[in-house]
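Biologist: I'm new to this one, so please walk me through it. Could we have a look together?

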Amino acid sequence: MGLEFKRGNMMRNIFMIGAACFVLAACSGNNDEISSTAATSSEAGVELAWDAVDNVFYNEFIPCTAGPDFSQVTVDEMVGEWRANGLHLDLLGAWGYAPASEDNQFDNGWWELGWASKAEADAAWGQWAEMDNAAAWAAKYENVMVCDGEGRFGWDFKFYRAPDSFGPTPESGEFASAFMACSFNEDKGFDDLDASISMYNTWLDSLDADSINFYAYGIYSAVPGTDTDGVDYFWGNFHESFDSMKAGSEGFEATGGDVMAAFGEVATCRNADIYNSKVFFDPTNPDFS
């Protein structure tokens, strides 16, 4: 599964810090403890024990376009040098998304940043903007990929189920993802969504975990005060491959009818946008490439 961002006009406002993590963080529900534990353990080379369920994180999406020198090789080089430049210690993970369908709502790619809070994200952006090597790195790779830092937007992110309940992400770091933009139906809200998700988790519990490769999901809910064009939340599905995504969808349609009906009563969702996806930074393995 290659990373294939759509080529487009380059934007000169460059800033890239990566894509969110599914093994996000934390050991506790306290955001301060989340970030400090991640930083200390990563520096010491200690294996982290993540417990991401029910913690609310702040995740940012940055729109990206590919340049004339874009390829899997140049992207790997670019990301590797970005890691070597030194990451803000509060960054909880970095992943990248490249369109896998011409029917996606957006034809650009994305980098997603995972943070414990908006305040930590803003502080990191300020720090990066002052780094001389950051500007040099951006200029060096502007023919590979350019991302619009000023155009980034953030969502509150939450796992409702352990992301490794069906096994770890592939060792290659590559996976398939799908995002559905959803708007609540009249008189419905997150309490109703939570009830539907509880039904969904019960359905997932009924599956034979040993016969299923990596699958995880999470909810990106709109941050109060932001303009989301009527979208209340995004549902993100993350699979080992597009084959397993297809099989999972077919299985859900065949045996999860009651759950599907419950979701349909709560919200109306657009067709999913699908992406080739890859790990750019994992705090449990900072040298991953």
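**Pockets, bridges and a helix**

Biologist: Which residues lie nearest the centre of the largest pocket?

Modeller: The lining of the largest pocket counts 33 residues. A pocket here is an open set of points on a 1 Å grid over the protein atoms alone where a 1.4 Å probe fits, with protein on both sides within 12 Å along at least five of seven lines, and lining residues have an atom within 4 Å of a point. Nearest the centre lie Tyr200, Asn237, Gly248, Ser249 and Phe252.

Biologist: Before we go on, what should I know about the model?

Modeller: It's a predicted model, where local features need pLDDT of at least 70 and side-chain atom pairs pLDDT 80 or more, while totals for chains, interfaces and linings use all residues. Residues are numbered from 1 along each chain as its sequence is written, and side-chain values use heavy atoms, leaving out hydrogens and water.

Biologist: Which element gives the most to the lining of the largest pocket?

Modeller: Helices (H or I, at least four residues) and strands (E, at least two) are DSSP runs numbered from the N terminus. Strand 6, helix 5 (190-205), strand 8 (233-239), helix 6 (242-255), helix 7 (257-266) and strand 9 each bring at least two residues. With nine residues, the top contributor is helix 6.

Biologist: How many residues of the lining of the largest pocket are nonpolar?

Modeller: Ala, Val, Leu, Ile, Met, Phe, Trp, Tyr, Cys and Pro count as nonpolar, Asp, Glu, Lys and Arg as charged, and the others, Gly among them, as polar. This lining has 10 polar residues and one charged residue, and the nonpolar ones number 22.

Biologist: And the second largest pocket, which residues lie nearest its centre?

Modeller: Its lining has 14 nonpolar, five polar and six charged residues. Of the 25 residues lining the second largest pocket, those nearest its centre are Phe106, Trp110, Phe153, Trp155 and Phe234. Two or more residues of this lining come from each of strand 1, strand 5 (153-158), strand 6 and strand 10 (273-281). So, back to your centre: Phe106, Trp110, Phe153, Trp155 and Phe234.

Biologist: How far apart are the sulfur atoms of Cys64 and Cys147?

Modeller: These two form a disulfide, meaning a pair of cysteine sulfur atoms within 2.5 Å. The bridge joins distant parts of the chain, strand 1 (residues 56-66) with Cys64 and strand 4 (residues 145-147) with Cys147, 83 residues apart. The torsion about the S-S bond is about 105°, so this disulfide is right-handed. The sulfur atoms of the pair are apart by 1.9 Å.

Biologist: Is Cys269 buried, partly exposed or exposed?

Modeller: Cys269 forms a disulfide with Cys182, the sulfur atoms 2.0 Å apart. Buried means under 20% relative accessible area, exposed over 50%, and partly exposed in between (1.4 Å probe, protein chains only). Cys182 is buried at 1%, whereas Cys269, at 34%, counts as partly exposed.

Biologist: Which residues of helix 4 are exposed?

Modeller: Helix 4 (residues 132-140) has Ala134, Trp137 and Ala138 buried. They cover an arc of only 100° around the axis (taken from the directions from the helix axis to the C-beta atoms), which puts them on the same side of helix 4. Helix 2 (72-84) and helix 3 (118-129) are among what covers those buried residues, with contact meaning heavy atoms within 4.5 Å. On the other side of helix 4, the exposed ones are Asp132 and Ala135.
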